[in-house]
Amino acid sequence: MNKNSKKRTLLRNARALLGDTLTFDGQLRDVLIEGDRIAAIEAVGTLGAADQVIDLRDHLLVPGLVNGHQHSHEHFQRGRTENLPLELWMHLVRTRTPVKLTPRQVYLRTMIGAIESLRTGCTTLVDDTALGAAIDRERIDAALQAYDDVGIRALVGFAMMDKPIVDNFPFVEKHVPAALAVELRAASRPAPEAQLALVRDLARERHPQSNRVGVLVSASAPQRCTEPFLQAVRGLADDLALPVITHVQETRLQVVTGQLFFGCPMVEYLDRIGFLKPATSLIHAVWLNPREIDALARTGATAQHNPWSNLLLGSGVQPVRELLDAGVNVSLGSDGTCSTVTVNMLNVLGSAAAVSKLRGDEHTRWLSAHEALHAGTLAGGRALGFGEQLGSVRVGAIADLVAYRTGTVTFTPFNDPVRQLVYAERGAGLSLSMVAGKVVIEGGALTRIDEAALLREIEHDFTELRPLYAAAEAEMGPMLDAVEKIHREGLATLVAPDTYASRLP
Ligand SMILES: Nc1nc2[nH]cnc2c(=O)[nH]1
């Protein structure tokens, strides 16, 4: 290969879900990758020589999945909680005395999510990671390095906020003991300007349009930020042309919070302050009224569906059909492993299609496997500012592709590749993953890291870390008692939940 020419990889004998419509016609084709793009899709044997040839006979070639939302800081807490609603659960993730990790441990922790993602067909993830008490560049760089090394496409945000956590809730004066509230308000946290400067600095080297591992702008949630801070966050994203994410109206308590803090539901508030724009994802967006759905459609913002998280935290069911009917872009996310236990996006796709059938809608309005796959590919790319460039097997698109073996029980007999992928395949049959034209899984094995050695190192470190996590969680007792009361008061306060499209089944 000449130094200036782009590497050419030929995927031979591929049967693919093609184009923006994910169409399967059963034809064998050759797919040529040049650099980071799909250069040609032609009849077998008609494309010229390549630097690397991979035979995909008996495979299904599909676009890599886009996970619009995970939290790498949760990976060491995978499976530590169950049967807690969001507000209570979150206080076990955000302990008052966080476990201090070495940069190497941050690297390993980040790797866990990246490896599971790649192994389950995801090629792009958004990591909304927590800054903690102070901005620590060494640890942030360690997380970015993990994504650099493993080969996945990652957009990393820093869950920015400028309000103390205790003030993210209504009814605080009533339920949080005064001394505890004072202590929580006094806890150190990064200055708002420093948070914005961090993203600005990193974006110079790591803009996601030109870097496989990039940054995006994350405002943790409207109730966790002051209005001037949200305006500054929006301005930063506009200046740098970065995508934006924020958690919005995941629970019924958050609907009450919106009414008490802003005098209206939160999406209406975000619309009023000009926060809603294209490439802006409202994560969860479970509790939406029709005006909010219209606002999302009008502004081109994305509603990001996290069905598996919403199920495990008992948050509710996003009104996906109403959103799609209104023309809103709906993408998918897994959320973090402390609540969801897995970032497997195939599981998220299956959950999205399955849970839609529980909402009591007429069956023709249920979400199909095909619609779930669209949400987990092209719609995910659009939500992150890639337009139509990411999430399809099409000439000119970014070469983020995966292939599953079809000679497996999952695909036998081979009746409907999309339904069998979405409802049955969970990653065991994944044999190839390519990100930006580079092979990161081949023959089912990660090509760029020693996975077994990394996992051994994590288990070894965990002998020391496990009791530290248990101690940090145990310290949360008084705050959990207070939040339990806030949660119950929120449920009792919400007036007329039936006006929401997001009714529980
Ligand atoms: N599910 C969920 N996870 C989070 N992690 C940090 N903030 C949030 C949130 O608002 N919801």
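Student: In which sense do strand 1 and strand 4 (residues 52–55) pair, and over how many bridges?

Tutor: Strands of a sheet pair through backbone hydrogen bonds, either parallel or antiparallel. Here, strand 1 and strand 4 pair in the parallel sense, and four bridges link them. Within this pairing, Leu 10 has Val 53 of strand 4 as its bridge partner. Please keep in mind that the model is predicted.

Student: Which sense is found for strand 1 and strand 2 (residues 29–34)?

Tutor: That pairing is antiparallel, over five bridges. Leu 11 has Val 31 of strand 2 as its bridge partner. Strand 1 is also joined to strand 5 (residues 59–63), by two bridges and in parallel, and there Arg 15 stands opposite Leu 60.

Student: Is strand 1 largely enclosed or left open by the rest of the structure?

Tutor: The general idea is to ask how many of the residues are buried, that is, have 20 or more other C-beta atoms within 10 Å of their own. In strand 1 (residues 8–16), seven of the nine residues are buried, so the strand is largely enclosed by the rest of the structure.

Student: What is the strand order in the open sheet of five strands?

Tutor: The order is 10-11-12-13-14, and the pairing is parallel. Strand 10 (217–218) and strand 14 (329–332) are at the edges; each has a single partner strand, so one side of each lacks a neighbour in the sheet. Inside this sheet, strand 11 (residues 244–248) and strand 12 (residues 280–284) run parallel and are joined by five bridges, with Ser 281 of strand 12 as the bridge partner of Ile 245.

Student: Turning to helices, which residues of helix 1 (residues 86–93) are buried?

Tutor: Leu 86, Glu 87, Trp 89 and Leu 92 are buried in helix 1. Their cover includes helix 8 (252–262), helix 13 (337–340), helix 18 (451–474) and helix 19 (477–493).

Student: Which residues touch the most other members of the largest nonpolar core?

Tutor: That core has 131 residues, and those touching the most other members are Leu 61, Val 150, Ile 152, Leu 296, Leu 349, Ala 352 and Ala 372. Helix 2 (residues 103–119) gives the largest share of this core, eight residues. Another core, of seven residues, lies apart from it; among them are Phe 169, Val 176, Ala 482 and Ile 486.

Student: What is Leu 61 in contact with, leaving aside neighbours within four places in sequence?

Tutor: The contacts of Leu 61 include Leu 11, Ala 14, Arg 15 and Ala 16, together with Val 31, Val 393, Leu 401 and Ala 403.

Student: Which domain does UniProt list for residues 61–440?

Tutor: The UniProt record, an unreviewed entry, lists "domain: Amidohydrolase-related" there. Over residues 61–440 the chain is 41% helix and 15% strand, with the end C-alpha atoms 15 Å apart.

Student: Finally, what is the mean pLDDT of the protein chain?

Tutor: Where pLDDT is low, the predicted coordinates should not be read in detail. In this case the mean pLDDT of the protein chain is 95, and 97% of its residues reach 70 or more. For the complex, the predictor gives an ipTM of 0.97 and a pTM of 0.97.

Key
Residues are numbered from 1 along each chain as its sequence is written. This is a predicted model: local features need pLDDT of at least 70, side-chain atom pairs count only at pLDDT 80 or more; totals for chains, interfaces and linings use all residues. Two strands pair if DSSP finds at least two bridges between them. pLDDT is the predictor's confidence in each residue, from 0 to 100. UniProt positions are given in the numbering used here, feature names are shortened, and annotations may be inferred rather than shown by experiment. A residue is buried if 20 or more other C-beta atoms lie within 10 Å of its own, exposed if 12 or fewer, and partly exposed in between; C-beta atoms are placed from the backbone. Two residues are in contact if their C-beta atoms, placed from the backbone, lie within 7 Å. A nonpolar core is a set of buried Ala, Val, Leu, Ile, Met, Phe, Trp, Tyr and Cys residues joined through C-beta atoms within 7 Å.
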